[in-house]
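The questions below ask what stands behind each of them.

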Amino acid sequence: MFGKLAADALGLSNVGIVVKPADYDKVDADDYIMHEDNEKIYFLIKSKSDEYCFTNLGLVHLDGTSATSKKRMLRRYSYHTHPISNVYLETAGTVDLDVEIKFTMGNEHYSIDVNKKHLEELKDLYKALVKIASTMHDNELALQHAKESLHVAQSTLGRVTGQQADVASQFKSINQYTFDWLEDIRYKYVVKDFGKVFEKYIHN
């Protein structure tokens, strides 16, 4: 496709490079970003066959089966449905040409080789992913505790009001309160947009 970064022209191999923000509109992954919903690219790694595009909403992975095939598989993993964990950064040895960032999103495991000249930029991505993983872990614990406290409150209220006659009215009132309360804590603890985290840690 004309106007897109040519892998051959850039001398790309299966070891990726970090694409600068000025060139985000020249890569294939940009075509699949939901700009209409304020999705924004914050970090992009490109190899000869793959593009790994980190946005405020998730990871867009344009997967080439091989460097010679034109077939691509587009995979999108949202942070709130595929929580990040097990984030590692493997630096280069004396003779190594690449560094490696590893992480898990839900059940998907990623290990991305990047040219070692991009180590400083990769450190920023590492920090951002670690922060997202930590935030999601803490929020999940808080959400569990909130649900447990609601269960205790419901049990206690049931014992207090169990002898009253208007059961239907009680049920309707408690059910509505429970729904509203769960919606409030979901809004508070289920984060979908991590733009602020990327803005804090990404300096490329």
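## Setting values against definitions

In this predicted model, the largest nonpolar core has 31 residues, and those with the most contacts inside it are I45, F54, F103, L125 and F198.

Q: Which helices and strands each supply at least two residues of this core?
A: The contributors are strand 2 (41-46), strand 3 (50-55), strand 6 (84-90), strand 7 (98-105), strand 8 (108-115), helix 2 (119-161) and helix 4 (195-201). The largest share, eight residues, comes from helix 2.

Q: What is L125 in contact with, leaving aside its neighbours within four places in sequence?
A: L125 is in contact with F43, I45, F54, I101, F198 and I202, where contact means that heavy atoms lie within 4.5 Å.

Q: Why is the pairing of K26 with D23 called a salt bridge?
A: The term asks for a side-chain nitrogen of Lys or Arg within 4 Å of a carboxyl oxygen of Asp or Glu. The closest N and O atoms of K26 and D23 are 3.1 Å apart, so the pair meets that cut-off and is called a salt bridge.

Q: What makes K26 and D23 count as partly exposed?
A: Partly exposed covers the range between the limits for buried, under 20%, and exposed, over 50%. K26 has a relative accessible area of 32% and D23 one of 26%, so both residues fall in that range.

Q: What makes the pair of R72 and D28 a tie between separate parts of the sequence?
A: R72 lies in strand 5 (residues 72-78), whereas D28 lies in the loop between strand 1 (17-18) and strand 2, so the pair ties together parts that are 44 residues apart in sequence.

Q: Are E51 and K46, whose side chains meet in a salt bridge, buried or exposed?
A: Both E51 and K46 are buried, and the N to O value for their salt bridge is 2.8 Å. In strand 4, L62 is the bridge partner of E51.

Q: Why do strand 1 and strand 5 stand at the edges of their sheet?
A: Five strands form an open sheet in the order 1-2-3-4-5, with antiparallel pairing. Strand 1 and strand 5 each have a single partner strand, so one side of each is left without a neighbour in the sheet.

How values were computed
Residues numbered from 1 in each chain as written. Predicted model: local features only at pLDDT ≥ 70, side-chain atom pairs only at ≥ 80, totals over all residues. Heavy atoms only, no water. Core = buried A, V, L, I, M, F, W, Y, C linked by side-chain atoms within 4.5 Å. Buried < 20%, exposed > 50% of the residue type's maximum accessible area, 1.4 Å probe, protein only. Helix = DSSP H or I, 4+ residues; strand = E, 2+ residues; numbered from the N terminus. Pairing = 2+ DSSP bridges.
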